[in-house]
Amino acid sequence: MSILIRDAVEGDVEGIARVHVQGWRESYRDFLRPEALAGLSVEERMQMWQGAFAQPDPRAKLLVAQTDDGGIVGFVRGGPIREGAEQLGTEAEIFAIYLLDKVKRRGIGLRLMRGVLDHLGRHGFRSVGLWVLKDNLSARRFYEALGGQSGAEQSFDLRGQMVVEVAYRFDLTPGMDRAAPMMDPRPLR
Ligand SMILES: CC(C)(COP(=O)(O)OP(=O)(O)OC[C@H]1O[C@@H](n2cnc3c(N)ncnc32)[C@H](O)[C@@H]1OP(=O)(O)O)[C@@H](O)C(=O)NCCC(=O)NCCS
């Protein structure tokens with residue numbers, strides 16, 4: 001199965017929303033209670049993702065991973081830091097990255113992150129942050145493999161369950177290949 005990474009278009013909203021919901025259910029079942037996952041709705045997520053197209057920002061990037069048959073199996077979105085996320089202390093932010101279980105650990109997450117970090121670097125952002133659930137060890141190892149540095153922690157009520165998140169920070173260096181020095185040097189797969 002070959003995977004194409006491309007910019008998302010408005011017609012991808014349903015595919016992105018489906019991956020978002022299925023990604024939560026597959027990836028968070030070991031550390032979120034079933035009640036926290038039960039209320040997830042594709043329709044609600046579609047409305048949320050529609051917003052990304054309603055107010056386009058050229059500094060933000062939404063990429064999808066697509067299989068040969070056109071199915072969306074992953075996505076990433078990053079852009080300027082959002083209001084309320086200043087605690088990350090970075091200029092830009094990764095808002096979400098999700099892959100379905102069936103395509104994990106094939107370098108697709110790496111390709112998605114590279115695409116967004118390169119884009120943010122070209123737009124002059126020098127630092128990128130994100131929040132990840134503390135118990136989400138596979139994602140934390142992924143960010144660490146990409147050169148992310150862990151930092152502050154915060155706890156909050158996630159659909160009725162208290163959870164702790166850890167901040168990760170990526171420093172982008174100036175130049176055309178801003179994201180490259182701290183990223184995995186292997187060729188894209
Ligand atoms: C986190 C995620 C995006 C990683 O994407 P991926 O395509 O599976 O990761 P890659 O294949 O690009 O991995 C690159 C490197 O990261 C590290 N890594 C990735 N997953 C890992 C894991 N589960 N355990 C340990 N290290 C891991 C490895 O060093 C890996 O290189 P290697 O496979 O040569 O050893 C993906 O697993 C995912 O969507 N998870 C569920 C959603 C999620 O948790 N999102 C984060 C929300 S903040």
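Which residues is Tyr-143 in contact with, leaving aside its neighbours within four places in sequence? I started there. The model is predicted, and I kept that in mind throughout.

**Entry 1: Tyr-143 and the core.** I listed the contacts of Tyr-143 beyond four places in sequence: Ile-97, Met-113, Leu-130, Val-132, Gly-148, Tyr-168 and Phe-170. I then looked up the largest nonpolar core, which has 54 residues. Tyr-143 is among those with the most contacts inside it, along with Leu-32 and Phe-75. I noted the general background: in soluble globular proteins, nonpolar side chains tend to be buried together.

**Entry 2: β5.** Two of those contacts, Leu-130 and Val-132, point the same way from β5, together with Val-128. Ser-127, Gly-129, Trp-131 and Leu-133 point the other way. I recalled that in a regular strand the side chains alternate between the two faces of the sheet. How many of the seven residues of β5 are buried? I found seven of seven, so I wrote the strand down as mostly covered, taking buried to mean under 20% relative accessible area.

**Entry 3: partners of β5.** I checked β4 (residues 92-99) next. It runs parallel to β5 and is joined to it by two bridges. Ala-92 of that pairing stands opposite Val-128. From β4 the chain passes through helix α4 (residues 108-122) to reach β5, and this β-α-β crossover is right-handed. I then turned to β7 (residues 161-171). It pairs with β5 in the antiparallel sense, over seven bridges. Asp-171 is the bridge partner of Ser-127 there.

**Entry 4: the whole sheet.** In what order do the seven strands lie? I read β1-β2-β3-β4-β5-β7-β6, an open sheet with mixed pairing. β1 (4-7) and β6 (149-158) are the edge strands, each pairing on one side only. Neighbouring strands are turned by 25 degrees against each other on average, direction ignored. I also looked at β2 (residues 61-66) and β3 (residues 72-80), which pair in the antiparallel sense over six bridges. Leu-62 has Arg-77 in β3 as its bridge partner. Helix α1 (residues 13-28) lies across β2, β3, β4, β5 and β6, and runs at about 100 degrees to β3.

**Entry 5: Asn-136.** My last stop was the loop between β5 (127-133) and α5 (137-145), where Asn-136 lies. Is Asn-136 buried or exposed? Its relative accessible area is 8%, under the 20% cut-off, so Asn-136 is buried. Leaving aside neighbours within four places in sequence, I found Asn-136 in contact with Tyr-28 and Phe-31.

Key
Residues numbered from 1 in each chain as written. Predicted model: local features only at pLDDT ≥ 70, side-chain atom pairs only at ≥ 80, totals over all residues. Heavy atoms only, no water. Helix = DSSP H or I, 4+ residues; strand = E, 2+ residues; numbered from the N terminus. Buried < 20%, exposed > 50% of the residue type's maximum accessible area, 1.4 Å probe, protein only. Contact = heavy atoms within 4.5 Å. Pairing = 2+ DSSP bridges. Right-handed = clockwise from strand over helix to strand, strands pointing away. Core = buried A, V, L, I, M, F, W, Y, C linked by side-chain atoms within 4.5 Å. Axes fitted to C-alpha atoms, helices over the stretch in contact; angles between N-to-C directions.
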